[in-house]
Amino acid sequence: MERRTFLTLSSVTALYVLSGCGGSTGTMNDTTPGGENPGGGGTPAAGTLPVPTLLKPTDRNGTQHYDLNIIESTHTFFEGTDTQTYAVDSSYLGPTLLLRNGDKVSINYTNMLNEKISMHGHGMHLPAKMDGTAHQEFLPGYSWSAEYTVKQKACTNWYHPHTLHKTAEQVYKGIAGLIIIEDSESDRLDLPKRYGEDDIPLVLQDRKFNADGQIVYTPSRQEIMRGYTGDTFIANGAIEPTFEAEAKEIRFRILNGSNSTVYELGFSDGRTFRQIATDNAFLESPVRMNRLVLSPAERAEIVVDFTGELNRALTLHEFNYGKTFVKINVSKNPASSTVLPAQLTALDTLGTAVNTRSFSLGGRMGNFTINGRSMDINVINETVSLGQTEEWTVTNTMNIDHNFHIHATHFRLVKRNGRTNIAANEQGYKDTVYIPAGENVTFRVKMTDYTDAAIPYMYHCHFLEHEDNGMMGQFTVV
Ligand code: C2O
Ligand code: CU
Ligand code: CU
């Protein structure tokens with residue numbers, strides 16, 4: 001931990017405004033009026049879909065540096081209303097980091113809040129001491145750097161707080177951003193790659209606002225059990241924004257960035273799209289579908305084809321709650337053309353398992369457990385051997401939904417509820433898996449490259465109210 005000169009909030013904000021934050025379809029501060037559906041706090045302010053800044057690194061002696069300030073800010077969700085937020089060099093959420101496989105990176109976070117924080121690279125394959133969990137918390141006025149060599153396939157990951165018992169609230173107020181990893185394989189594929197034009201990041205969330213348009217995070221015990229779901233659905237921090245699309249294949253990198261809401265996504269006209277990537281890699285080949293279920297923290301990249309559809313209007317819709325996330329107007333002539341390849345990558349099956357473990361997700365009265373124990377920062381629950389393939393079975397014993405996330409690596413699903421017929425779009429590298437009430441999943445997993453007998457990684461339910469209230473455990477790799 002390194003003491004930093006404490007910049008004032010206004011100086012960071014000013015700096016940020018000067019350096020800009022926009023893709024060409026709008027910025028995180030873009031507040032053009034024009035929304036129609038009143039939310040909890042008034043008339044939505046969103047016009048065009050904001051696109052987080054794409055943050056390319058600065059090379060210093062062969063290491064790629066990224067500097068991020070975690071700040072208190074205000075954001076315009078509703079016309080004429082300043083909503084108090086937390087953010088990363090922005091008014092809400094943070095920039096998208098662009099990383100390349102093989103690069104040495106240093107991601108330096110500075111805590112300008114009035115509370116401690118930790119910053120986790122979700123989906124990143126890295127040493128435990130660079131994981132950014134509650135073991136690497138840093139105080140107000142301090143910085144912390146995640147330094148490692150990127151060693152994984154092209155995918156869409158994300159960063160978010162992982163502060164003990166405070167993750168849910170800190171994410172809810174706005175701290176999260178995407179990490180895009182590219183590699184030589186993604187370079188070669190004929191995919192939409194123009195960030196903000198035909199390659200569109202979508203951080204999907206829901207929020208509760210009070211009558212003054214302020215974010216409210218006060219879950220009742222019932223809401224801790226069921227998960228804290230808001231009635232206002234937002235995409236990249238905007239309520240029902242409009243995306244002006246080129247009449248061509250468009251790639252959406254979708255993150256379920258909610259605290260505890262499972263989204264069932266599709267287009268208002270029921271059209272077919274193709275999923276091309278799961279959490280940690282491309283799928284071997286694109287999977288045709290018209291509905292996509294994502295539980296909290298899961299990512300999916302999809303390609304939807306608007307070729308020849310100039311003037312078409314449709315929406316990206318959420319079907320579990322009946323909400324519009326994004327209005328889409330196909331209004332622009334294509335500036336390039338792409339043809340989605342039939343083969344995208346080859347994936348490792350992880351071999352035969354030599355060990356099994358089981359995890360039972362349970363709890364009551366707002367207290368959650370894994371195998372009967374609540375998260376204890378001083379307890380290492382599991383010790384895993386490096387390079388050994390294991391099969392983990394996770395059982396949701398409750399009548400509410402959960403999911404399960406492992407740090408530092410990816411897994412391959414082998415069974416859902418004892419059956420091996422895994423859906424085609426789940427047959428890829430995953431780090432988070434949805435486990436509906438009463439169900440179970442089995443996956444194959446292997447820890448590679450990094451050991452640390454003292455500092456653990458974590459596994460947990462990624463419904464953040466559950467994670468913060470005990471449904472998390474720790475493992476070391478030796
Ligand atoms: Cu998305 Cu333990 O984290
Ligand atoms: Cu994680
Ligand atoms: Cu849960």
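**The metal site and its surroundings**

Analyst: Both H120 and H405 are buried, where buried means under 20% relative accessible area, exposed over 50% and partly exposed in between, with a 1.4 Å probe and protein chains only. This is a predicted model, in which local features need pLDDT of at least 70 and side-chain atom pairs count only at pLDDT 80 or more, while totals for chains, interfaces and linings use all residues. Residues are numbered from 1 along each chain as its sequence is written, chains are lettered from A and ligands numbered from 1 in the order in which they are written, and side-chain values use heavy atoms, with hydrogens and water left out.

The NE2 atoms of H120 and H405 coordinate the copper ion (ligand 2) at 1.9 to 2.0 Å. Donors are N, O and S atoms within 2.8 Å of the metal (3.2 Å for Na, K and Ca); water is not among the atoms, so sites may look incomplete. The pair links distant parts of the chain, 285 residues apart: H120 lies in strand β8 (residues 119-122) and H405 in strand β28 (residues 402-406). Helices (H or I, at least four residues) and strands (E, at least two) are DSSP runs, numbered from the N terminus.

Next come the rings. The structure holds 26 aromatic pairs. Rings of Phe, Tyr and Trp (its six-membered ring) pair if their centres lie within 6.5 Å; planes under 30 degrees apart count as stacked, over 60 as edge-to-face and the rest as tilted. One of the pairs is F78 with F209, edge-to-face at 4.8 Å centre to centre and 85° between the planes. F78 is buried, with a relative accessible area of 0%, and F209 also counts as buried, at 9%. For Y217 and Y228, the ring centres are 4.9 Å apart and the planes are at 75°, so this pair is edge-to-face. Y217 and Y228 are both buried. Ring pairs also join F359, W392, F404, F411, F443, Y457, Y459 and F475 into a cluster.

Last, the strand pairing. In strand β15 (residues 242-246), 4 of the 5 residues are buried, so the strand is largely enclosed by the rest of the structure. Strand β15 runs parallel to strand β23 (residues 323-332), and 5 bridges join them; two strands pair if DSSP finds at least two bridges between them. A245 has V330 in β23 as its bridge partner.
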